[in-house]
Amino acid sequence: MAKYTIQRILAMLLTMFIILTVGFMVIRLMPGGIFDDAVDMTHEQRAALEAKYNLDKPIIVQYGLFLKGLILEGDWGTSLKMNINVPVWDIIKTKIPVTLYINFFSLLISLPLGIGLGIVAAIRKNSITDYLISFLVVIFISVPSFIFATLLQYFVAFKGGLFPIIFDATSTGWARFHGLALPIIALSLGPIARVTRYLRAELAETINSDFMLLAKTKGLTERQATLNHGIRNSLLPLMNIIVPMFTSIMGGSLVIETIFSIPGMGGIMVKSVNAPDYTVTLAVLIFYSLVSLITVLIVDLSYGIVDPRVRMGGKK
Amino acid sequence: GCSSEPKNPGDSNEPVTTAAAGQTEAGDATAAAQEESGPKIFHDYMTTDVDTINPHIYTMSVSGDVIARTSLQLYRQYPNAEGTSFEYLPELAEKEPEKADEEGKVWHIKIRENAKWENGDAIDVDDVIYSFKMCLDPIMVNSRASQLASDYITITKASDYSLQGNAGTVAWEDVGIKKADDYTLKLQLDAPVTAEDIKSHFNYVWTCLVHEPTYEACMSEDRSTNTYGSTREKYMSCGAFILDQWIAGSQFDMKKNPDFVLGDKIKLDGYNYKIVGDRNTALELYLNGELDAVSLSPESIEQYIDDPSIKKAPATSIQTLTINHGNTNNNGILGNLNFRKALFYAVDRESIAKMTNGIPANYLVASKCLGLDGKTYRDMEESQALLEPNLGYDPAKAKEYYEKALEECGLTSLTLTLQYNETSANNKAASEFLHKSLPEVFGDSFTLELMAGSTSVLNSYIKGWKEGDPNSFELQWRGWNTSTPAPWNGLKVYSSMYSNKNEPYYNDEFDALWEKANYDIEAKLDPAYRMDLTRQMEKIVLDEVAACPVYEAPSYNLISSKIHLVCDEYIPGYGFGYILSTKD
Amino acid sequence: MEPILSVKDLSVSFNAFAGKVHAVRDVNFDLYKGETLAIVGESGSGKSVTTKAILGILAKNGHIDSGTIMYQGQDMAKYKEADFYKIRGKRISLVFQDPLSALNPIMKIGKQITEALILSKAIEKSKAKARAIELMEAVGIPNAAERYDAYPFQFSGGMRQRIVIAIALASNPEILICDEPTTALDVTIQARILELINDMKRERDLSVIFITHDLGVVANMADRVCVMYAGRIVEVGTCEDIFYRPAHPYTWALLSAMPDLHTEETLFAIPGAPPNMLHPPKGDAFAARNKYAMKIDFEKEPPYFKISDTHYAATWLLHPDAPKVEMPDILKHRIARMKEEAGYEIG
Amino acid sequence: MAKFYSSDLPEYQVEPESFEFVQMEGEIADEKFQDKPIGFFKDAMLRFCRSKVSIIAFIGIVIVLLFAVFAPALSRWDYNDQDLNRINLPPKVPVLENYGILDGTRWLTNRRVDSLEDTSRYPEGSILKVINHRTVQGVEMCDIKVDYYKYSGVEDGTYFWMGTDYLGRDLWVRMWRGARVSLLIAFISVICNVCIGIVYGSIAGYYGGKVDMIMMRITEIIGAFPEIVVVTLFILFFGTGILSIILCLVVQNWIGTARMIRSQFYRYKGSEYVLAARTLGVRDMALIFRHILPNSIGPIITRAMIAIPGAIFTESFLAYIGLGIRAPESSIGVLLSQGQKVMQQYPNQVFFPAVVISLLMIAFNMLSNGLRDAFDPTQRGA
Amino acid sequence: MKSDNRKERDHILDVDHLSMHFTTKKRGKTSVVKAVDDVSFYVERGETFGLVGESGCGKTTTGRTIIRLYDPTSGTVAFDGKEISGKMDKSLRKYITDNIAMIFQDPIASLNPRMTVQEIIAEGLKIRGVKDPEELHRQVVAMLEHVGLQAEHASRYPHEFSGGQRQRIGIARALIVKPQMVIADEPVSALDVSVQAQVINLLNKLKEEMGLTILFIAHNLSVVKYFSDRIGVMYYGKLVEMADSDELFKNPMHPYTRALLSAIPEPDPINEKKRKKIHYDPEMHRYGDGNQPSYHEIAPGHTVYCSDEEFEEIKKQWKA
Ligand SMILES: Nc1ncnc2c1ncn2[C@@H]1O[C@H](COP(=O)(O)OP(=O)(O)OP(=O)(O)O)[C@@H](O)[C@H]1O
Ligand SMILES: Nc1ncnc2c1ncn2[C@@H]1O[C@H](COP(=O)(O)OP(=O)(O)OP(=O)(O)O)[C@@H](O)[C@H]1O
Ligand SMILES: [Mg+2]
Ligand SMILES: [Mg+2]
């Protein structure tokens, strides 16, 4: 296991490196020079600035310099546009916690809720409850999260006064959670629906499996059989959708963060692309890639823990 | 105020409104606020985070707002007593600049002796010189250096000094910024200027003071970059407010500075900014009492149009159709004057203005720009005279010119692409309107295609012609922030020397006029003549349709009834003066 | 003797996509204490459905159309889901065909064995482990204590089937239903599982319903045999009745289609394929494939003809008016040889 | 009822001629089939048609498609007919208006009481109700309910079923025009995804080993790029418009299809009939396209069906961040994102597109379920 | 039913020290499965060679390696004197596919559900250059009738057939290219008893008519015995015993063979209930250094895989 883990991490680092390289090139291909849209300055002044940041050099040289800094000093460069002269890492550092906070919480919320709803729907298949859940699922899946975010903000926070309209970055503890509850909910609706849909299908299949039948013939009630055997077994394949789900939550937070004024990664992603601020974009890109690769890794490794067949190296 | 309309590409001609601090002459208001319980804090918002509050390198107007509120400039605009116009008052400077030679090339500025940093350090002329020296530093290459070196005034050798890089050819001692005595700054200029020029020049945010020890501490080892103003700790306040708390991406809290040199003007106990990216959210916050002022999105104007709290602020910019004169497609029809005229006459500005809650613009100097005798430039009869009747809308004429142009270019049909910034609802609506209405004027042979892009994408198209691709774009919306007090300066965008030019439009006559209006002492001393020059310039660009002006979109603001402003109406070139307001 | 389980006129059908599948039609049999009743028949003849109907675990789209299943004086055909909990696993247990999929792949073996006992509070949690190990030993799992914590995938097919049997025996049932318990296994392992079932049956005085399509296995296990075809029981009798005195052409065909170690002649092949149970044929379902089919076979369903007290067959050939036919030669020879080998004359 | 023979029962008295052997002679041939042969697709279609839900979904989609194709042409207005005198009208539907819903009225809040008399602002008869009188900063204010059509000066008898937008364009027409565009984008992008996915997935899955490893790494890398970066690049190179959107929808989304195809290949390339074909000497290409790929048809169709509303969804996300389709063209995404901006003022502008996209989502989902079942080989003939 | 078309002792297939090892890499762990390990046997022209053994012992792998669905790890296979285990190229591929055909176990899985019977059967012909659709159809129909199906079945899809019919289609597909040898991998084990006989009889008939050589893989000893001339018994990748079928049943020498034989259930209630089953425990061999097992011929054509020590024992038990 340890060896395998190390192998996987090495492979991940290699992938990261390729992403870094490709990302660097791609981002430099992006439109707009850093100082095009900046302030009113003379041609000479602009040229001097570009020279200072090596922007006038061939892209390969720029990449070489960047890599040198990164490897020798762990230097991701400094922001040129968004937080001028601030090391990119310092910027990202302050944004990551809140983004991870809302993303993890929505994962944390959407999994149990989705699982719960999925179970209910699967057990009561073709009942009113099932139809109701399916209806909600469709709504949640098909209506973009920015609509929900706006609706929640308007009705729950503004009209209802139950939550703050925007997030207060100074808050801590419970107040922080309270302030982030709406964005978390807005982010979770889609994933909840997806988990529900997936689990409903999966469980409906598991319920028909032989071991469920055996469980019943053993004398377990329908309920006990579903709880003890059905759910655990249908949860395993659920891990397959956690990764895409998590990345899509991350993607969703892009918009949600703006609506709720959350100073997180999602906001600077869009802004750094628009600014454009190469170094920040690259760092954000790496961050998102890393998160998704790590999720993949964790899911893969935990598969081993959750599924004894994988853990103990069995067949199939 | 805060910038509410998403910033358009090219909104870079620095708006004066960034320095919205103000002053009334009413000295009796000191006691008024103190009876109230609780601190009186103005809750404002900004739509994006600041990039830095280092005055030498900031690029965003919101950053400028924060710096302006927390640091000192030599001079600053304050509203006049009636609250109808503004005037420059000495801030860090103690009084008006003094001419130290015959011509007006050497000036002395006396600064106050009681100014202090928030940590109690006294401020003297060395602080001022240090700030300027750092701004012009050749190694750091600050983006604001050229503006400090030569904007309204051209400081001797400043430009050369700042652009020399490592060469070391120009010593700081050669630069025309000197210490006359501990509290007097001596300026050596290339050309004679007026006191007004000096005040205008030092009214800008990039002339704000930086705190030497802090600045030095933020200096990188090779002295090539500086992180001053990137966090609360790396900043030192000395202005009307002290930066109390700064949570990146989220909020700024400022508290009143008891040692502020013009302290009696400030009635508020604090001034806070929240960063609110979404307009609906901002409105909700306002309605909830969490913000004291909000700028309405075009969609919600109708709902509040009768509200007593609504206040209208003139547009910060004229929305124009930028024309790529050098485009060689369609046999270079965009370079054809007849076609550009056709375009000019074909735009139904009135309808577009109605749709955008704006003002139709058939001119290139914005209506907020100041003229003479308390009138705005636009309101002056002479300026009115050079405008086309019916707001420049004349379908018959347009069609005539269009057909002529087609013939001259040997075309039978024409398709052009108009690019706009998708985040600007007004530009989008106006584009869609033109998409429909232009073919109605020109006939079926004409098609207008629309294309949205983000700021950076649009910029890259503009950049195209500068990098040798003449066909990188055809038409694009641009909003120009013209300089309010100096309309002649604002027309810089059509001159050859301007580096952020949008369209490859060059006119020697215009360039000469611009030089004259800006640097000629004769012009400087004679405002009427200057106005005249301005009008001549405007006429040239209008006649040649260097760009096609369409509308100005004023902003509609709701200002809480708790807030009492120093001026009932928006003061062109100044603003509402939120920080001078009182609150109950 | 009173049967402990008595199935009368059981008919089961499924609402499938294409229509109504008549999987089991008028099935009758009794199960007596301590006997092994084998049900043979080819795939799809309704063997599993019959047992599932008894245990109330028919698929959702299936239902009992008519008939009674009398057990302990009650008709299980009328049971509600809740009533079955008292029966399933406790009084009647089922051993599945496929030991691979019948065990929950991610639950420990030991837990699967005693889970039902714990949940029904038949045993205390603390004693569960001991009981599980005891059961595992009983079904012949070596090192049972160590394997308590193993997972199904760590077991071979034969061992898994033993576990399934252990699960079935966990609460000392009265009736054990084995639905093709060895089909997925190798012959050598099959032999040992069959031995195990026989041992268990003897030790615990179980009644066993044994389902298979392998006549060799039937010969080994059964006391009595039901031969099923197309949802009906076409012949029923003691093991000897069926193997030495088969009366139904289908039984003949089954027996003679299968080579044994002595077969040299051409096998007797049943032509065609079993009927589609969506539209069960009129008359004798086997008629279309039956060489000895008579006109009436296509018209009228044959009743059960009594051959002896224990032996019934549903074929018109037994009608007094029907022409007499002999069973195929290959079968005749084989029976003769078997009798010889057995060393005595049977009936 | 099981019947036992008894010579007494009359029903078992059978005429002797019934006891004639009928097939003693000759081989009994395998039964002939009564019906026509049913091809795989035909069978799938038959089963599909038997599922009511799928049919309803299918009809639903057809209706949307019909509307999308014909509604714009049949309507009184063109999708781009602008009239600044009728902007942001609320919905008004004949008949329904009499029941107080969709009657073209709207509440206007924060009105000055003194301005209500002003007939140039409030044409006669436009004000239906005045409530909530209050004084704000010394000004008398109230909320009013107006007949917005009269208020805007639209002539009587004009009905905009879904209202109008900020340029006075009919939202009903724009809705269907938008549905047309969105569906077109969705269809094209999904087709592209499927094509690329098939080729890529087939190669990776069929050859396996190192080829597969490298190809999968590549997808991983492509997949790691945040959408926004990719989108911006495409916008730069191709400008906004359908092409960029489709490219954006394709550039990463094919990966999923490719993965699925690959796993299908892994599953089937070792299957017995593929091996059988190999022992006959069937070439690689034929194996891929004739033997293995057709198994993926079901999953591909299912996937594609879900991807279609998914593409519309992504398109609306792009529209929201400002990279949508070229104005004045309409699409569901454009309408949704436009609607989001005015959700508090004119909820109708977001409601209707949201309903349509939800309906499409439901319909495509059900359709894909139906197709999945129909193409499931294990359910054949059932 | 044994065939008599064994002419002279003429090896058509020679398998020599064939090994096929699978390396699986899962989550970083590599494991080697020795599915076939050093197996040698031969098949004579015209005979039926049966390969039996329990599930997973490598029978299928042997068959598939011979027909080159897998590339052997080591050892050689020669068909008609020509080595067919070497490097694969077009001509070798053609040689193999022209001469050897394969019949698969699972009648459902081995037919492409999306092709008609006509397409399935004609595929082999098409590859061999028969293009004319009428000719194709004619041949397909002829073959269908050969295997007891009818012309009208050609346009049908596999799912419409019963197991036995499908297996016959599989046979038709294999035989239409007129191979010299057929590898039949458990062709009847997935079938119901009632239809097993159909297929066995058919194979027998075709063998006679076409002079086929068959490598018959099965785990049902009764069937193998009935069908094969010679039998090889496999256990865990090794071929443990090989002999003429009568000889093998008379003199099962390897303990595993004995266990296998004793375990076959027979449809004879009285005898079956009396019969004693023999258990085989591989631990009993105690192979070690200097006591390695190898092939020993105990009688002409009867080889046993055992150590020298064991061979001595075994020899004593052999009955003439
Ligand atoms: N859920 C179901 N829906 C529709 N038909 C069903 C269902 N379950 C069983 N059947 C049908 O009922 C018939 C009898 O099935 P059953 O499983 O009892 O056969 P079996 O005799 O056990 O065969 P096998 O030997 O293959 O296990 C078959 O034709 C089968 O297709
Ligand atoms: N492609 C493969 N990769 C890895 N292992 C394999 C592969 N094919 C077969 N094996 C392994 O090789 C061994 C022999 O398998 P094979 O299929 O040849 O057995 P068999 O005798 O045909 O069994 P059965 O009677 O079940 O068909 C088994 O342990 C199997 O798991
Ligand atoms: Mg069964
Ligand atoms: Mg095999």
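Predicted model: local features only at pLDDT ≥ 70, side-chain atom pairs only at ≥ 80, totals over all residues.
Begin by selecting chain C and colouring its strands, where you will find an open sheet of four strands in the order β2-β1-β4-β5, with antiparallel pairing. Look next at the two ends of that order, β2 (19-31) and β5 (74-75) of chain C, which stand at the edges with a single partner strand each, so that one side of each is left without a neighbour in the sheet.

Now select β4 of chain C, residues 62-71, and follow it to β5(C), to which it is joined by two bridges, the two strands running antiparallel. To see a particular pair, show M70(C), whose bridge partner in β5(C) is D75(C).

Next, show chain A together with chain C and select the residues in contact, which are 28 from chain C and 23 from chain A. Between them the two chains bury about 2,500 Å², and 63% of this lies on carbon and sulfur atoms.

Zoom in on E115(C) and K218(A), which form a salt bridge whose closest N and O atoms are 2.9 Å apart; the count between chain C and chain A is one salt bridge. Twelve residue pairs are also found in polar contact across this interface.

Finally, keep to the side of chain C that touches chain A and select α1, β6 (92-95), α3 (99-102), α4 (109-119) and α7 (157-169) of chain C, the elements that give two or more residues to this side. Among these, α4(C) gives the most, with four residues, and by class the side as a whole has 17 nonpolar, five polar and six charged residues.

Conventions. Residues numbered from 1 in each chain as written. Chains lettered and ligands numbered in written order. Heavy atoms only, no water. Pairing = 2+ DSSP bridges. Contact = heavy atoms within 4.5 Å. Buried area = accessible area lost by both parts, 1.4 Å probe. Salt bridge = Lys/Arg side-chain N within 4 Å of Asp/Glu carboxyl O. Polar contact = N/O pair within 3.5 Å; in protein donor to acceptor, adjacent residues only side chain to side chain. Nonpolar A, V, L, I, M, F, W, Y, C, P; charged D, E, K, R; others polar.
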